[in-house]
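Work through these exercises with the sequence and the model open side by side. Try each task before reading its solution.

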Amino acid sequence: MSNEQTYDAEAQYFPFFIVTVTALVTLPLTFSLLRSPTDSSNVAKAGRIESPFRPNHADIIDSQRAKQKRKDLRLKRIVAALLGWALIGYMVYLMVVTARNTPTVWNPYDILKVSLTATEKQINSRYRKLSTTMHPDKRRPNAALNETAELVNDEWVEIVKAYKALTDEDIRNNYILYGHPDGKQSTTFGIALPQFLVAEGSGKYVLIGYGILLGIGLPWLVGKWWYGMQKVTKERILVSSAGNIFRQFKERMEPGDVLGAVSTATEYESILHGVKADAGLGKVEQKLATIGSESALISEQDIKVIAGIEDPVHRKALALLWSYLTRADLDDKTLEAEKYELPPTAMQINDAFTNMCLAYGFTSPVVSSFHLSQSLVQAVPPTKSEGIPLLQLPHITAEIAKKIEKSVITDKTPLTVQKFMALPVEQRQTAAQAAGLPMDNLKSAEDLARRLPFLRVEKAFFKVPGEKYIITSSLVHFVVKARFIPPGTPEKSIPALSEADLLDIDPAENDILAQKAEPERHSIPLAHAPYYTRDHAPRWHLFLADTRQGKIAVPPFTFKVFDKKSFDNEGKPTFNVVTLKMQFAAPPQAGEFRFRMHLISDSYVGFDQSQDVVLDVEDASKAVEVDEDDDISEPEEDSIAGQMAALKGQATADASQPRKIKKVKKAVESDYESDTDEDVDDESDTDTDTDSEAEDEKAKKSKSWF
């Protein structure tokens with residue numbers, strides 16, 4: 001037996017090689033595309049808040065928005081993946097076609113249709129039987145099957161050859177032992193390369209190309225993908241950026257401090273690379289200094305922080321972000337393009353910073369990070385300057401907003417969009433005229449304000465599904481009932497709430513379909529952000545905090561979609577009551593626990609809501625005792641006992657209704673003391689019934705849960 005190397009002259013193995021090499025690149029690329037970090041699905045379903053307002057440098061903003069869309073679509077990787085799959089599909093087609101045309105080894109057993117274990121007597125019998133039907137003298141060509149006399153004769157010749165081969169002892173043994181009538185055959189190694197590529201002296205160049213592809217190109221591509229994945233955290237930011245922002249973390253931070261931390265990310269180097277690192281930096285800083293002295297939208301301390309940074313990319317990134325937030329006109333198209341290109345990246349870094357802060361549980365940096373998100377989306381400074389919330393409305397500048405606020409606000413509370421739209425029409429018009437805002441521009445601002453999604457909390461309470469009391473270590477649901485009521489909506493046009501709207505009814509225990517049913521998912525219109533260069537689906541963050549310790553008790557639950565449709569196809573509010581629900585484990589001790597509920601929008605300034613809520617946790621003995629008025633409860637109607645009782649005409653209990661539980665007056669002793677001394681708002685509630693005598697006792701024995 002000899003060994004022989006041959007080229008793949010018939011291209012039988014070449015498609016297998018191409019499929020293997022292409023799949024090594026295409027599969028990881030497709031996997032990275034499927035792991036989309038964006039909320040593109042929500043963005044695609046959501047509508048828009050249309051407005052004719054066009055900001056300054058609208059052409060630059062539109063070009064940057066188109067650039068961000070291309071980046072979000074990852075067009076280059078999508079095209080590469082599609083080409084890879086197309087090539088794989090074509091190679092698979094060639095495999096199928098080649099397999100059909102590949103010649104097979106002559107097999108006498110198949111021709112005579114006998115098994116490998118057939119005896120000589122069976123072979124002779126089969127041959128005689130075929131001779132009666134397949135011999136040319138006894139078989140007529142079938143014209144319907146395109147048979148000819150020559151074809152009939154050839155088939156008979158094959159039958160005779162097969163018969164002679166199987167009646168020859170040597171030939172038959174060769175086929176049984178070696179699978180070939182001629183005995184042992186040489187081993188052939190086919191090179192996955194068509195022969196025409198190595199013909200006429202070009203073989204060495206092709207082999208060199210193969211060596212570069214397999215030895216250098218393929219390992220480089222796989223290594224780049226692998227190490228690229230290792231350089232990125234689960235929040236899709238660079239590991240080096242995570243280290244930079246971690247070093248900026250503090251227990252107490254203002255939104256400006258968070259902006260300083262976000263500006264340290266390494267991602268900005270891909271935007272401000274080369275000569276862009278410090279080009280025009282002096283002009284930007286000079287503009288910020290002018291804004292700080294004239295309008296105080298940026299403090300003198302923030303300007304000093306920028307000037308004290310040594311790294312040019314970090315320094316310019318922070319300066320450009322401040323110029324974006326203060327809406328500074330830089331009088332340079334290149335600088336303007338860079339100014340509008342940075343905020344989407346800053347938003348991504350800020351989301352990662354929020355997750356980092358949650359690991360430590362301090363309330364201040366988390367809230368400041370959420371407020372920075374509002375500022376980035378709306379392009380307003382993260383400061384407490386006068387009139388900041390009004391900058392979200394079209395045609396209102398910082399100077400106009402400040403004059404309006406001074407003319408209508410008598411206390412120290414900021415003028416939010418809700419307060420401004422709640423003013424009488426005459427007062428709004430008078431304030432706008434005094435501030436120099438034309439009536440047409442005021443009308444445009446009011447029209448937009450009436451379409452902004454302000455989520456108003458109607459009721460907040462704690463509950464345990466199917467239980468009357470909240471006992472220690474049980475799974476508690478914190479339920480918030482709210483409605484989207486745009487600012488300026490007349491109260492008479494808002495439907496009155498019913499008791500059913502504020503209830504959170506659990507499905508019956510025997511209603512499996514209701515328990516497994518998926519809740520409805522309705523999107524909210526995309527955030528109205530004329531300066532932000534990426535489509536953004538608004539999010540609402542709901543969490544509970546302990547104000548005394550300054551820490552988060554229950555981490556934020558984020559809501560992008562809701563169980564009811566809040567806006568119709570024309571963008572008008574439906575005033576449906578939506579349900580926000582978060583789950584957590586109850587404290588292991590009984591008592592009264594006070595928290596501060598925060599509901600924060602990441603897209604609109606001044607839309608935050610907070611109120612005190614009280615969690616009453618009872619001892620486990622509450623769930624053991626039955627009601628005093630009904631020592632033995634009635635059997636449920638879907639149980640065997642209930643069915644027997646129904647046959648006897650006795651009463652049964654409805655399984656969908658909660659069972660009565662006896663109220664046990666039991667004082668709970670504890671050495672823990674209250675963690676907060678804040679009062680509880682009347683709007684908050686708990687889904688817990690307590691005796692009037694026990695209320696005073698629990699007020700004295702409220703505890704901390706940490």
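**Exercise 1. The whole chain**

Task: State how many helices and strands the protein chain has, and what share of its residues is buried.

Solution: 
- Start with the kind of model: this one is predicted.
- Count the elements. The protein chain holds 23 helices and 11 strands.
- Turn to burial. Of the 706 residues, 44% are buried.
- Residues 24 or more positions apart account for 73% of them.

**Exercise 2. A sheet of three strands**

Task: Work out the strand order of the open sheet that contains β3, β4 and β9, and find its edge strands.

Solution: 
- Read off the order. It is β3-β4-β9, and the pairing is antiparallel.
- Find the edges. β3 (455–463) and β9 (577–585) each pair on one side only, which marks them as the edge strands.
- Take the β3 side. Eight bridges pair β3 with β4 in the antiparallel sense. Here Leu-455 stands opposite Phe-484 in β4.
- Take the β9 side. Strand β4 (residues 475–484) is joined to β9 by nine bridges, again antiparallel.
- Locate facing residues. Val-476 stands opposite Phe-584 in β9. Val-480 stands opposite Leu-580 in β9.

**Exercise 3. Burial of β4**

Task: Explain why β4 is described as largely enclosed by the rest of the structure.

Solution: 
- Apply the cut-off: buried means under 20% relative accessible area.
- Count the residues of β4 that pass. Nine of the 10 are buried, so the strand is largely enclosed by the rest of the structure.

**Exercise 4. Helices α17 and α19**

Task: Describe how α17 and α19 cross, and list the residues that meet.

Solution: 
- Begin with what to look for. Two packed helices are described by the angle between their axes and the distance between the axes.
- Get both values. The axes of helix α17 (residues 398–408) and helix α19 (residues 425–435) come within 9 Å and cross at roughly 130 degrees.
- Classify the angle. It makes α17 oblique to α19.
- α17 passes α19 in a right-handed crossing.
- List the contact. From α17 come Ile-400, Lys-403, Ile-404, Ser-407 and Val-408; they meet Gln-427, Ala-431 and Ala-435 in α19.
- Sort these residues. Five are nonpolar, two polar and one charged.

**Exercise 5. Helices α12 and α14**

Solution: 
- α12 passes α14 in a left-handed crossing.
- List the contact. α12 supplies Leu-281, Val-284, Glu-285 and Leu-288, while α14 supplies Arg-315, Lys-316, Ala-319, Leu-320, Trp-322 and Ser-323.
- Sort these residues. Six are nonpolar, one is polar and three are charged.

Technical notes:
Residues numbered from 1 in each chain as written. Predicted model: local features only at pLDDT ≥ 70, side-chain atom pairs only at ≥ 80, totals over all residues. Heavy atoms only, no water. Pairing = 2+ DSSP bridges. Helix = DSSP H or I, 4+ residues; strand = E, 2+ residues; numbered from the N terminus. Buried < 20%, exposed > 50% of the residue type's maximum accessible area, 1.4 Å probe, protein only. Axes fitted to C-alpha atoms, helices over the stretch in contact; angles between N-to-C directions. Parallel < 35°, antiparallel > 145°, perpendicular 65-115°, else oblique. Left-handed = near helix turned anticlockwise from the far one by under 90°. Contact = heavy atoms within 4.5 Å. Nonpolar A, V, L, I, M, F, W, Y, C, P; charged D, E, K, R; others polar.
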